[in-house]
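My notes follow in the order I took them.

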Amino acid sequence: MSFKVRKLGSALGAEVIGLDLTQTLDEDTIAALLAAWSEHLILLFRDQSLTPARQIAFSRYFGELDDHAAIPKFRHAEHPEILMVNNREAATNKRLSVGRQWHSDLSTTLRPAKGSLLHAIQLPMVGGDTMFCNMYRAWDGLSPLLQEWLSGRDAIHDMTIARETQLQRTHAELEEIRLRNPRVYQPICRIHEATGKKALYVSEMTTSQIDGLTREESQPILEYLYRQSTVHENVYRHVWRKGDSVLWDNRCVMHIALADYDDSERRTMHRTTLKGSPSGRLVQAA
Ligand code: SIN
């Protein structure tokens, strides 16, 4: 099966044209897709009609799938490999906001996600965009002295510091999340195991502190790193169409779901999450 690749942004992103993701792919096509993914970091497939089972089958070409045990509340009832990324809670119809700060999926676990594939089922009339930034470029843009200081250092990732978690969860729910997701150290400079390239690996949604510094000391440095990662020229903004599927590489990309739409409308997305290699270590309670 052959396909074309069209660049979407100068920092990252490409559209794959001519592939039907409901078809079985041969080895050459998979190898070509992996090469395109490595080069462009995010791949867009338009006009796809993916049932949960088909999305799972396609995602498996890229690796083993996570069952979202870290976030059980949002799992699909019959397919735990599908995470429901909705702006309404299924059981209560309560409004939800998810992913509204820059982050890399599952960085708060000891097996952070390798990649994620998000499929658009239902969209608001306008907006509901997602932005992505290239964390190789974020690292490369730092001065050699700062790179040297950050190399070999770790930062703490904590699921409970996410703004939306703080705002939307009760005290008891926060305690439960904390128990299920103990804080972890992750390297600030992450070496991508497939490309060997260095990527900055901190995010405003989950990184609370640099190891060895206090939270107060860490904050200005982390804020500088977030700002520098997300400068306009390092970002691709995706304007969704129904049937779009976007695959991104969490090892070298951060993303953010924008609140740029009328929240009385529905936004329904299905995400599959690829398991990454083991990374990080638990923070021992003081
Ligand atoms: C996510 O954070 O994985 C979802 C992003 C989105 O809903 O656009």
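I began with the pockets. The ligand takes up the space of the largest pocket. I keep in mind that this is a predicted model.

Next I asked which residues surround the ligand. I listed V85, G99, H103, D105, L118, T130, W248, H255, A257, R267 and R271. I then sorted this shell by type. Four of its residues are nonpolar, four are polar and three are charged.

I looked for polar side-chain atoms facing oxygen atoms of the ligand. For H255, I noted a distance of 3.1 Å from a polar side-chain atom to a ligand oxygen. For R267, the corresponding entry is 2.8 Å. For R271, I wrote down 2.8 Å between a side-chain N or O atom and an oxygen of the ligand. How much of the ligand does the protein bury? Alone, the ligand exposes 260 Å², and the protein buries 99% of that.

Then I turned to the aromatic rings. I searched the whole structure and found five aromatic pairs. I picked out one of them, F45 with F58. This pair is edge-to-face, with 5.4 Å centre to centre and 80° between the planes. I checked where the two residues lie. F45 is in strand 3 (residues 42-45) and F58 is in helix 2 (residues 52-59), so the pair ties together parts 13 residues apart in sequence.

Definitions and conventions. Residues numbered from 1 in each chain as written. Predicted model: local features only at pLDDT ≥ 70, side-chain atom pairs only at ≥ 80, totals over all residues. Heavy atoms only, no water. Near = heavy atom within 4 Å. Polar contact = N/O pair within 3.5 Å; in protein donor to acceptor, adjacent residues only side chain to side chain. Areas by Shrake-Rupley, 256 points an atom, 1.4 Å probe, with all protein chains shown as cover. 1 Å grid on protein atoms, 1.4 Å probe; cavity = no way out; pocket = protein on both sides within 12 Å on 5 of 7 lines; lining within 4 Å. Sits in = over half its atoms within 2 Å of the grid points. Nonpolar A, V, L, I, M, F, W, Y, C, P; charged D, E, K, R; others polar. Phe/Tyr/Trp six-rings, centres within 6.5 Å; stacked < 30°, edge-to-face > 60°. Helix = DSSP H or I, 4+ residues; strand = E, 2+ residues; numbered from the N terminus.
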